[in-house]
Amino acid sequence: MRRTDGREASPTMTGYACESKGCPADTPLPLKNKAVIGMQTILSFVIVLSILVFIHELGHFLFAKRAGILVREFAIGFGPKIFSRWKGETLYSIRALPLGGFVRMAGEDPEIVELQTGSEVAVELDDQERVTGLFFPTHPKYQSLPVKGKVTAMDLEKDLFVRLETEDGRSLLYDVHPQAFLYRDQKEKTQIAPLDRQFSSKTLGQRALTILAGPVFNIVLAAVLFMVLVKLTGVESKVIHDVVPGSPAAEAGLKSGDVIRAVNGQSIRDGDDLREKVQQSQGQPMLVTVQRGDQVFQTKVKPIWNPQIKQYLMNVRLEQQPATATEVVVKGAKETVMWTDRIFEGFGQLITGKIGIQALGGPVQIASITGQAAEAGLLALIRWTALLSLYLGVFNLLPIPALDGSRLVFIGLEALRGKPVDPNKESMVHFVGFALLMVLMLAVTYNDIMKVFFSQR
């Protein structure tokens, strides 16, 4: 979800570029009140969201593997599986609802042991007589295995053994391989999770990094995409491309082709430098040094305040020039920081009641904007994907139950208390938080449908 008011939906606003209907083509598309979400919109939305979810879950996955945690499943989407494949000890799946994803780690929540004493099983052994598979009677392979019995004792986490009582009364004791599987049927199997492979057994640092990696990967992706945009579009030079009629710049006599050399005696390096000087003026007249052909002169410009974007403006648009490698990195990082600040500002306004739930946008509205961005071209789609990735990363760091930020809070509490919070209580907190988020999502989705399909211009 994200705000959809004018300012937060204006990713290319420079702070001194025009904000009128005559803005350049690379300014953001206005949100359509009535959007026909066709196949292109749906496909664009699914692809963009799947990429963002994949990157997020990849962060969790890689750091879990690095810590030695058993990752049971890497899933894109929720609901029924439409595709799944085992590779090593992890099930990789794509599910029917492309609205998220998850990495299921052993021991992140209390482990559910499917095998109980009294269960009838058949065992498969390796060449060292260790159990590598325990098959329930519902599995087709059960009848073909020679060793069967009733489980009388077992430990699949610490000592790794199973004791069986056969039909003829014999008691058989076997060691269990640390990567053994439980087979319910041909489609369903579960790898056992010894304590040293469980999330809860890892150090505070390993667990924190595993949880933190997901949001951080999204933030890094956003920064990379902003850098790609800088590389593709270049950076603003000191040369004026055009001037908005009737603007402070026009009243000061500035024209297309003028080169801004200095402001108040301080030299200007590029567009970012000019932006900074304009904001520092606080609306007071600035002495601008301008070169026009062979002529150099000075003129006074008094920036005006734009309440929509909360910045002072000269209302000029500067020409673009190719970006150096350093400019690509610096500019991309600045864009990331700027939009992170705006996201937190939006959260703050939501908490204080300055904006209401009506200002939030959910899946339907995000899909609509994604479709518009795709129609506008590659640059618009890259920018929108960067903003969504940044929002996903920042939002997941908030201490809201069921989000990564909440799990980090519980790890922090464990560090302060010297002992973990009861896993069942933590799971309940996350469950309640998830339920509340789903209620909020339903409310926001209703708002989306009303705004996208039924609002009047």
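Some ground rules. In this predicted model, local features need pLDDT of at least 70 and side-chain atom pairs count only at pLDDT 80 or more, while totals for chains, interfaces and linings use all residues. Residues are numbered from 1 along each chain as its sequence is written, and side-chain values use heavy atoms, with hydrogens and water left out.

Aromatic pairs come up to begin with. Rings of Phe, Tyr and Trp (its six-membered ring) pair if their centres lie within 6.5 Å; planes under 30 degrees apart count as stacked, over 60 as edge-to-face and the rest as tilted. The structure holds 14 such pairs. One of them is Phe63 with Phe217, edge-to-face, at 6.4 Å centre to centre and 85° between the planes. Phe63 lies in helix H1 (residues 39-67) and Phe217 in helix H2 (residues 204-233), so this pair ties together parts 154 residues apart in sequence. Helices here (H or I, at least four residues) and strands (E, at least two) are DSSP runs, numbered from the N terminus.

What about Phe74 and Tyr92? Their ring centres are 6.1 Å apart and their planes stand at 35°, so the pair is tilted. Phe74 is in strand E2 (residues 71-87) and Tyr92 in strand E3 (residues 90-105), 18 residues apart. For accessibility, buried means under 20% relative accessible area, exposed over 50%, partly exposed in between (1.4 Å probe, protein chains only). Phe74, at 6%, is buried; Tyr92, at 29%, is partly exposed. Phe54, Phe61, Phe74 and Tyr92 form one aromatic cluster.

Next, charges over rings, where NZ of Lys or CZ of Arg must be within 6 Å of the ring centre and within 35 degrees of the ring normal. Lys189 has its charged end over the ring of Phe181, 4.6 Å from the centre. Lys148 lies over the face of Tyr142, at 5.7 Å.

Last, salt bridges: a side-chain nitrogen of Lys or Arg within 4 Å of a carboxyl oxygen of Asp or Glu. How many are there by this rule? The count is 17. Asp272 and Lys331 meet in one of them, at 3.0 Å, N to O. Asp272 belongs to helix H4 (residues 271-280) and Lys331 to helix H5 (residues 325-352), 59 residues apart. Both Asp272 and Lys331 are buried. A network of salt bridges links Glu236, Asp272, Arg275 and Lys331. Arg383 also forms a salt bridge with Glu335, with the closest N and O atoms 3.5 Å apart.
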